[in-house]
Amino acid sequence: MTVTEVWTHGTWTVRPGSEDDFVDAWRSLAEWTVQEFGTAAAGRLLRDQERANVFISFGPWSDLDTVERWRASEGFRDRVAMITRLLDSFEPRTLEPVTQVP
């Protein structure tokens, strides 16, 4: 199993009633990301079972430089601006692996 060096993670708190629109907008961002930055940028979106308006996204990246280029790109900024209108809050993170259990 290959260990990925960089992961992105986000906690998205969506305005109640905007969950479906958020999922559609996030999917658009994710699909564009894969097209522009490759399959290594594929991500996952999870929904909190206790708070239906809270979502967690995460995905592996080959290196930090690619993450920085992605976040600095106009395509990213445009898509995130559309998503932000649907949110109460967003907490992005960039993570590195520390350990892994097979």
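The questions below concern a predicted model.

Q: Is serine 73 buried or exposed?
A: Buried means under 20% relative accessible area. Serine 73 has a relative accessibility of 16%, so by that cut-off it counts as buried.

Q: Which backbone nitrogen lies 3.2 Å from a polar atom of the side chain of serine 73?
A: Serine 73 sits in the loop between helix H2 (64-72) and helix H3 (74-84). A polar atom of its side chain is 3.2 Å from a backbone nitrogen, that of phenylalanine 76.

Q: Why do the buried residues of H3 line one face of the helix?
A: The buried residues of H3 are Gly75, Phe76, Val80 and Ile83. An α-helix has 3.6 residues a turn, so residues three or four places apart point the same way. Viewed down the axis of H3, the buried residues line one face because they fall within an arc of 120°.

Q: Which elements do the buried residues of H3 pack against?
A: One of these buried residues is Ile83. Isoleucine 83 touches Trp12, Phe22, Ala25, Trp26 and Leu29, leaving aside residues up to four places away in sequence. Taken together, the buried residues of H3 pack against E1, H1, H2 and strand E4 (87-95).

Q: Which element gives the most to the largest nonpolar core?
A: This core has 19 residues, of which Trp12, Phe22, Leu29, Trp70 and Ile83 touch the most other members. Two or more residues come from each of strand E1 (6-14), helix H1 (19-37), strand E3 (54-61), H2 and H3. The element that gives the most, with seven residues, is H1.

Conventions: Residues numbered from 1 in each chain as written. Predicted model: local features only at pLDDT ≥ 70, side-chain atom pairs only at ≥ 80, totals over all residues. Heavy atoms only, no water. Helix = DSSP H or I, 4+ residues; strand = E, 2+ residues; numbered from the N terminus. Buried < 20%, exposed > 50% of the residue type's maximum accessible area, 1.4 Å probe, protein only. Polar contact = N/O pair within 3.5 Å; in protein donor to acceptor, adjacent residues only side chain to side chain. Core = buried A, V, L, I, M, F, W, Y, C linked by side-chain atoms within 4.5 Å. Contact = heavy atoms within 4.5 Å. Arc of directions from axis to C-beta.
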